[in-house]
Amino acid sequence: MEREKKDLLIMTVDDLKIGEDFQFLTDEQPEFLAVCGICSNCCYSDCIGGN
Amino acid sequence: MIKLCQWDITGECNLNCSYCREKRTEKLTTLNLGQIFSIIDQFVDMEVRMVNIAGGEPLIFKELPKVLSYLRPKVETLGLTTNATLVSNKNVNIIKDFFDGVQVSLDGGNAKIHDSVRGVGTFKKTVSAIELMVKRGINVMTMLTITRQNKHDIANYIKLASSLGLKSAYLRRVIPSGNSRNTEPLSSSELFSVFKIAHLIGRKLNMHVGSADYFSQIYFDKNEKIKVEKNMQDHPGKVLSGCSIGIDAFYVAQNGQVLFCPYLPVFCGDMTKEHLSSIWEKSRMFKINRNLRMNIEGKCSKCKYLMCCGGCPAYAFLTEGKITASDAGCWVNEQHP
């Protein structure tokens, strides 16, 4: 069943209206040092932001 | 090396849950096998360690066995997120052979509540499927999405997961996108009460209670709190954990587009047109998230756990209209009885 929905559009960064005061302090990618209980115990959580 | 990819292999689903994030204007496109294999090859190029197959409902996708055969040898860990209503004796061996773990959506401790969220008859099918998978030795965990319909049934949910022989039960708040876009989110006090009950019952039943809402882990899980505080002490000023998109994780939608996350579908790139390495390097959205912690406003900016939590950027945007806003669902710096 393929659904056709109304609301959520794919957005662009501009839609977020990030202010000019947003500071890009690093161009580097932080390295996560800690692994929280989510990933150490589950690894398959629907939320990819949780770890 | 990238730690995790969540991949919605299809947008099609046999259910239409009341809070589902998948509410989009366009027809949901599913890629052909050639395009899918090309995406997998890009995972290999970027050393993606874990892939979580989600959807839609992944088990509805007819080409799934072929995709899994190609993907499985190329990643360390493979997970499945499913509503489990399509799990049967016919496909349970595929699940056992290919996946390291299965996350099943379970939205209440009884049929009345679960079915009110996910549709009539789904509770019975889901519970039977969990029983079948547990019997076959598959590593199953449940995930409840906290809504107004089920917030009073959390204790029964944990008890049910325990009675099904599971070691872990997870829960997370609903993120107001898709079908739940216009619903009023639960307040931080309401969420506090829900998580408190969940952890109390979990401790009593010797169940691990976890959440994708990381602040609840820090608050209620003593071991997690000790670990986090030690990490902060050892690595002052460093971003240690929290939203990891663009840092060590990313999300691919069913049409091959890399979006910020399932709940905040900000376009980051298209893996059918551009290599993942280029998206990873160039996406402005990823750069924003890599710098977000230093730009967060309000209570999160003053929270001692900023560098290991930072709240959920999608939740902040969808509730406050700003990705730099504090996470309104968090109670950590609030007073509670």
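1. What share of the 51 residues of chain A counts as buried? The share is 33%. The model under review is predicted, and chain A has a mean pLDDT of 60, with 33% of its residues reaching 70 or more. Its secondary structure consists of one helix and zero strands.

2. Two stretches of chain A call for caution. Over residues 1–8 of chain A, pLDDT stays under 50, and the model has 21 contacts beyond four places in sequence for them. Residues 34–51 of chain A likewise stay under 50, and here the model has 67 such contacts. Where pLDDT is low, the predicted coordinates should not be read in detail.

3. Chain B contains an open sheet of 10 strands with mixed pairing, in the order E7-E6-E5-E4-E3-E2-E1-E8-E9-E10. Its edge strands are E7 (208–211) and E10 (267–270) of chain B, each of which pairs on one side only. From one strand to the next, the twist averages 25°.

4. How many bridges join strand E5 to strand E6 of chain B? Five bridges connect E5 (residues 140–146) with E6 (residues 168–173), and the two strands run parallel. Within this pairing, B:Thr145 has B:Arg172 of E6(B) as its bridge partner.

5. Strand E8 (residues 249–252) of chain B is covered on both faces. B:Ala249 and B:Tyr251 are buried on one side, and B:Phe250 and B:Val252 are buried on the other. In a regular strand the side chains alternate between the two faces of the sheet.

6. B:Val252 takes part in both, as the bridge partner of B:Trp7 and with B:Val258 as its own partner in E9(B). The hairpin of E8(B) and E9(B) has four residues between the strands, and B:Gly256 takes a positive phi near 90° in it.

7. Which residues have the most contacts inside the largest nonpolar core? They are B:Cys5, B:Val252 and B:Ala314, in a core of 110 residues. Helix H7 (residues 188–205) of chain B gives the most to this core, with six residues. Leaving aside neighbours within four places in sequence, B:Val252 is in contact with B:Cys5, B:Trp7, B:Asp8, B:Ile39, B:Val258 and B:Met271.

8. In helix H2 (residues 64–71) of chain B, the buried residues are B:Leu64, B:Val67 and B:Leu71. These lie on the same side of H2(B), because they cover an arc of only 65° around the axis. Their cover includes helix H1 (33–45), strand E2 (48–54) and strand E3 (77–82) of chain B.

9. Is B:Ser162 buried or partly exposed? B:Ser162 counts as partly exposed because it has 17 C-beta neighbours inside 10 Å, whereas a buried residue needs 20 or more. This serine belongs to helix H6 (residues 154–163) of chain B. B:Ser162 touches B:Leu205 and B:Met207, when residues up to four places away in sequence are not counted. The C-alpha atoms of B:Ser162 and B:Lys66 are separated by 34 Å, and these two residues are 96 residues apart along the chain.

Conventions:
Residues numbered from 1 in each chain as written. Chains lettered and ligands numbered in written order. Predicted model: local features only at pLDDT ≥ 70, side-chain atom pairs only at ≥ 80, totals over all residues. pLDDT = per-residue confidence, 0-100. Contact = placed C-beta atoms within 7 Å. Buried ≥ 20, exposed ≤ 12 C-beta atoms within 10 Å, placed from the backbone. Arc of directions from axis to C-beta. Core = buried A, V, L, I, M, F, W, Y, C linked by C-beta atoms within 7 Å. Pairing = 2+ DSSP bridges. Axes fitted to C-alpha atoms, helices over the stretch in contact; angles between N-to-C directions.
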